[in-house]
Amino acid sequence: MSWFSPQTKKRFLRFRKVKRGYWSFNILMALIMFSFAAELFVNSRAIIVSYQGKVYFPTYGSFIPGTTFDFDYEYETNYRDLKKRLNQSNNADGFVIMPLVPYNPYENNLKDEGYPPFPPNFADKHYLGTDNTGRDVLARLVYGFRIAILFSFGLLILTYSIGITLGCAMGYFGGRFDIVFQRLIEVWSNVPFLYVVIIMSSIVVPNFTMLLVIMVLFSWPSMTWYMRTSAYKEKARDYVSAAKSIGASTPRILFHHVLPNSVSTIVTFVPFQIAAGITSLTALDYLGFGLPSPTPSWGELLQQGTENLSSSWIVASVVCMMVFILIMVTFIGEAVREAFDPKKHSIFQ
Amino acid sequence: MAQYLLRRLLLIPPTFLGLTFLVFVITRFVPGGPVERMIAEMQESAASSGQDAAQIDLDEEQIAQLNEYYGFDKPIIISYGIWLGRVFQGDLGASSRYGDPVAEIIGSRLPISIFYGVTSMLITYFICLPLGIFKAIKHQSVFDNLSSSLVFIGYALPSYVVAVILMVVFASHLEWFPLGGFVSDDFEDLSRWEQVKDLLAHAVLPLTAYVSGSFAVMTFMMKNALMDNLAADYVRTAMAKGLSFRQAVLNHAFKNSLIPLATHFGNNISIIIAGSFLIEKIFNIDGFGLLGYESILERDYPVVMGILVISSLLQLFGNILSDICVAVVDPRVQF
């Protein structure tokens, strides 16, 4: 860790000391890793199929038609049926290892008796039940989490690149440039964000990238504002004048002095930005103006859940998941703040 | 101060113009506006009455008339000017959905929004300030830690998730409160006392959801500010010259701790009126927020623009009010 400055090391150690924040961070990272490998755990495709001496790994790659396993159809093999068939024939032809949850988030697993939604059922491996159209709730939760996290990180990176660049320039250069953008931001941040998103999404059904761009359009001002204040404050410090007087160039001052000293502003907001990304995507999906329909999303589950209050497992599982994730993110946020900006209260009595 | 206020007030018109113009332009470019909607409706009614839809297609002239009625035949900048001129005369236009004047529609929703806004503001201030003070004084006691974790949950969750949880647990599962709406359908027939009870029963859950987010921010702000001040030298001096702890907290530290809270005060105005349409949608309350949401869905642009005018003005004046509040509680602030 020698390439980190002593201050960074100290901050890292302070972060580790805030136990609940540190553990939340570890758990959340593990969950994110898990969700990126979700195809291996929650999927309708088998992990391994051994059939008549040949071994298949169907998880990734193009689908294997049913005819390969002597089914009479050309479309993708139903591995759950294959497993049943092989079990009945006492595994003479081979075996199938299915993921823990043998469903993908898109398939409607309908039953002959009754109509969905079906309550949680361990025999069918619908651990959290199914939604209104018979899709597995757990599978949709897991894949929805992956999309929400990817979305939040995308949002974070884009808003931060705009916010830091523009805010730094506004604060450091000041003058007319600063004033023009100040007015622009004031107008822009007063535009009712949800109105515009709803109007936009009702014209075209937005895909992931479009929704991201729309959200970035409305979330850059706040970061720009914080960064502007921070750069403005640093600019007035003596060390900047000192650097100038020994002949440092503007880029050098910006990248070697102003930016590193504003890092606490930048980092402290990261967890809260992530939480905001997840909540606003979920809110949009809940209203039906988010990602297009079959995409697994928490907001869509929330919407189904609140409309079918009698099928309480839907709303219960998505709300629990949201509470769990958001509280962890907030714990991390508090810990990061503590690490970068420690406030020691002396108690007077 | 006066100069600063004047400058801030002078900045309102350009911001207001920019804002309304932006949304006006957006509404112009969205397909499915009132004219297209009307054409579709006519075709539908024709089809249902057995006629061939294609046959009674509106002729050019009628479409032109409709376009003229809504100002779609003129360039954007001119129809924006006309709209703005009407707004200055206090005329927000008529809803393209109901035909009623926009001001009337908005006015009919206002009492509901103001009821929720004012009550939730009162609850926040009357509970958060004492709670914050108490938590600061009893820092790290059992009560402080317990209430912190509760308040923290409210802080981490967005208010619509809190609303969903409350609705599922207390309205659907336990059936302690009604599922939604502002009052029951038979409200008119109830006696005065039952009316109050009915209103309150409907209000408990939405109010809790409204309050949950701001509650945490306020309480923690109060607590942290007070703790900073309690550690300050002037409190020590005050006690050294013989004040009791209670007096030192209430007369000295408390006053100074109000400064960060004052920066938040102006936001209340816009929250009072605008509310949160997510909460209103979840609890099916016919407030200002839900009106805005529905009128966007229905492409009722006169209403959308009317709401925008009111809410943006409130927001802009609210920001200035915050600054005044800060100046009032903190004489050191120089603008």
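# Notebook: looking around chains A and B

I began with helix 6 of chain B, where Asp144(B), Ser147(B), Ser148(B), Val151(B), Phe152(B), Gly154(B) and Ala156(B) are buried. Buried means under 20% relative accessible area, exposed means over 50%, and partly exposed is in between (1.4 Å probe, protein chains only). Helices are DSSP runs of H or I with at least four residues, strands are runs of E with at least two, and both are numbered from the N terminus.

A note to myself on the ground rules: this is a predicted model, where local features need pLDDT of at least 70 and side-chain atom pairs count only at pLDDT 80 or more, while totals for chains, interfaces and linings use all residues. Residues are numbered from 1 along each chain as its sequence is written, chains are lettered from A and ligands numbered from 1 in the order in which they are written, and side-chain values use heavy atoms, with hydrogens and water left out.

**Entry 1: helix 6 of chain B**

What do the buried residues of helix 6 of chain B pack against? I found helix 13 (312-340) of chain A, together with helix 5 (102-137) and helix 8 (192-230) of chain B. Contact here means heavy atoms within 4.5 Å. I also checked the length of helix 6 of chain B: residues 142-156 make 15 residues, and the span from first C-alpha to last is 21 Å, close to the expected 21 Å at 1.5 Å a residue. The expected span is 1.5 Å times one less than the number of residues. I reminded myself that an α-helix has 3.6 residues a turn, so residues three or four places apart point the same way.

**Entry 2: chain B as a whole**

I counted along chain B and got 14 helices and zero strands. Of its 335 residues, 43% count as buried. Among contacts in chain B with a separation of 6 or more, 74% are between residues 24 or more positions apart. Chain B exposes about 17000 Å², and carbon and sulfur atoms supply 62% of it. Accessible areas come from the Shrake-Rupley method with a 1.4 Å probe, and for residues only the protein chains shown count as cover.

I also stopped at Asn284(B), in the loop between helix 12 (277-283) and helix 13 (288-297) of chain B. Asn284(B) is not a glycine, yet its phi is positive, about 55 degrees.

**Entry 3: where the chains meet**

How much area do chain B and chain A bury between them? The value is about 4000 Å², with 79% of it on carbon and sulfur atoms. Buried area is the accessible area (1.4 Å probe) that two parts lose on being put together, summed over both. On the chain B side, Phe152(B), Tyr160(B) and Ile296(B) lose the most area to chain A, together 14% of what that side buries. The contact takes 48 residues from chain B and 39 residues from chain A. I looked for salt bridges across this interface, and the rule finds zero. A salt bridge is a side-chain nitrogen of Lys or Arg within 4 Å of a carboxyl oxygen of Asp or Glu.

**Entry 4: salt bridges**

Over all chains, the count is twelve salt bridges. One of them joins the side chains of Glu39(A) and Arg146(A), at 2.9 Å from N to O. Glu39(A) lies in the loop between helix 2 and strand 1 (48-51) of chain A and Arg146(A) in helix 4 (residues 137-173), so the pair ties together parts 107 residues apart in sequence. Why does Glu39(A) count as buried? Its relative accessible area is 19%, and Arg146(A), at 16%, is buried too.

Glu234(A) and Arg237(A) meet in another salt bridge, at 3.9 Å from N to O. Glu234(A) is buried at 8%, whereas Arg237(A) is partly exposed at 45%. Salt bridges that share partners also join Asp131(A), Arg135(A), Arg140(A) and Glu300(A) into one network.

**Entry 5: Val137(A)**

Val137(A) sits in helix 4 of chain A. Is Val137(A) buried or exposed? Val137(A) is buried, because its relative accessible area is 0%. Leaving aside neighbours within four places in sequence, its contacts include Leu128(A), Asp131(A), Leu301(A) and Trp313(A).
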